[in-house]
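Here is a short briefing on one protein model.

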Amino acid sequence: MHTEMISNTFEENPPTAASHNALEHFVALAKMAKGAACLDLIKQVLEAPGVYVFGELMECPNIRELENGVNKNYLKTLNLFAYGTFRQYLEMKDQVLELNSTMQKKLQHLTIVTLAIRNKCIPYQTLLTELNISNVRDLEDLIIEAIYADIIHGKLDQKNSQLEVDYAIGRDIRPDDINQIVDTLQEWCDSCAAVLNCIDSQIHRANAEKVRSIKHKEKIEQEIVNLKKAIKSQTIDCDEAMPMEMREQTGQEVRKKSTKSKAGKSGGKLWFKNFN
C-alpha cells in the first residue's frame, strides 16, 4: 500500500521551485525585521512548509547580527536546519532552540535528504537511528510525508527493509565546503578533458588507418590493371612471333575439328530418322 502511494506521488508532483519562492517572502521580511520581530521570523521559517533552504536568509544583515548576541541560539538553530541533521540536534539541544513537533518533523525530513544524497539505498535501521524513531510504521509514514512534500522521490523496499531514492532536493552548502566542491568539479573537468583527448587520438589513428587502407587498395588495383596489360601484351607478341606456316596449320586444324563436329551431329540425326 505504501509503495503504491509513493509511485502515484511521483507522477502527480514533479520537482518545483516552490521552496525558493517561499523563502523569498521571508528574506524580504528579514531586511526590515529587528529585535523580537527578527526572532519570531526565524521561528516562522523553521515551521513554514515548503521552505527547505535557508542560505539566502542567513546572509541578511539583521540575521547575521544574532551571531554574537544573547540570541545566538536562534542563528545556531537556523544553521542546524541549513546544514545539520536530527541526530545533531539531539546532541546539541542545550545550544539551540527547543523544537516543537512541526520543527522536529521538518528537520527529520531534511535528515532524510542528507542521507539520500550520500546513499541511494538507505537501510531502515540507519533511518531509525538517525531520526530517533522506534518503529518501522512511524518511519514509513514519515518517509511518505517527505515524498508528498516533494523533497525526495523513491520507493519503500519493505522486503529488504530499505528506502530506494531516485531524487532528492539539494541542501544549503557550507562556505567551507565551496573549495572542496571547486576541487571536485576541477577534477571532473580534467577527467573529461583527458577522455576527450583520448577520443581525439583514437579518431586520428582511425582516420590514418583508413587512408593507409585506401592507398593500399588503390595500389593493389593498379597492380592488377598493370598485370592484365602485361599479359595481354605478351599474348599479342607471341602471336606476332609465331611463323606464318604454323599459324596457317593451326587455323586448318581448328577448321577440321569444326567440320568433324558438324558431321558428327548430322550423322546422329540421320541415324535417328532411319531407326524410326
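## Briefing

This is a predicted model. The protein has 276 residues, and 29% of them are buried. Its secondary structure consists of twelve helices and three strands.

**Overall make-up**

- The accessible surface comes to about 18800 Å². Carbon and sulfur atoms account for 54% of that area.
- Among contacts with a separation of 6 or more, 62% join residues 24 or more positions apart.

**Helix H9 and its surroundings**

- Helix H9 covers residues 124-131, and helix H10 covers residues 136-148.
- The two helices pack with their axes 10 Å apart. The angle between the axes is about 85°.
- Angles of 65 to 115 degrees count as roughly perpendicular, so H9 and H10 are roughly perpendicular to each other.
- On the H9 side, the contact is made by Tyr-124, Leu-127, Leu-128 and Leu-131. On the H10 side, Val-136, Leu-139, Glu-140, Leu-142 and Ile-143 take part.
- Which residues of H9 are buried? They are Tyr-124, Leu-127, Leu-128, Glu-130 and Leu-131.
- The cover over these buried residues of H9 includes H10, helix H7 (86-91) and helix H8 (101-118). Strands contribute too: S1 (121-123), S2 (152-157) and S3 (162-168) are included in the cover.
- Asn-132 follows H9. The phi of Asn-132 is positive, near 60°.

**Salt bridges**

- How many salt bridges does the structure hold? There are six salt bridges. Among them are the pairs Glu-59 with Arg-64, Lys-155 with Glu-164, and Arg-212 with Glu-209.
- Glu-59 and Arg-64 meet through their side chains, at 3.6 Å from N to O. Glu-59 is exposed, at 52% relative accessible area. Arg-64 is partly exposed, at 48%. The two residues fall in separate classes because the line for exposed is drawn at over 50%.
- Lys-155 pairs with Glu-164, and their closest N and O atoms are 3.9 Å apart. That distance counts as a salt bridge because the cut-off is within 4 Å. Lys-155 is partly exposed, with 39% relative accessibility. Glu-164 is partly exposed as well, at 21%.
- Arg-212 and Glu-209 meet at 2.5 Å, N to O. Both residues lie in helix H11, which covers residues 178-241. Arg-212 and Glu-209 are three residues apart, about one turn of the helix. An α-helix has 3.6 residues a turn, so residues three or four places apart point the same way.
- Arg-212 is partly exposed, with a relative accessible area of 49%. Glu-209 is partly exposed too, at 44%.

**Nonpolar surface patch**

- Where is there a nonpolar surface patch? Ile-173, Ile-178, Ile-181, Val-182 and Leu-185 make one of about 430 Å².
- Ile-181 is partly exposed, with a relative accessible area of 34%.

How values were computed. Residues numbered from 1 in each chain as written. Predicted model: local features only at pLDDT ≥ 70, side-chain atom pairs only at ≥ 80, totals over all residues. Heavy atoms only, no water. Buried < 20%, exposed > 50% of the residue type's maximum accessible area, 1.4 Å probe, protein only. Helix = DSSP H or I, 4+ residues; strand = E, 2+ residues; numbered from the N terminus. Patch = residues over 30% accessible without salt bridge, like charges linked within 9 Å, V, L, I, M, F, W, Y side chains within 5 Å. Areas by Shrake-Rupley, 256 points an atom, 1.4 Å probe, with all protein chains shown as cover. Axes fitted to C-alpha atoms, helices over the stretch in contact; angles between N-to-C directions. Parallel < 35°, antiparallel > 145°, perpendicular 65-115°, else oblique. Contact = heavy atoms within 4.5 Å.
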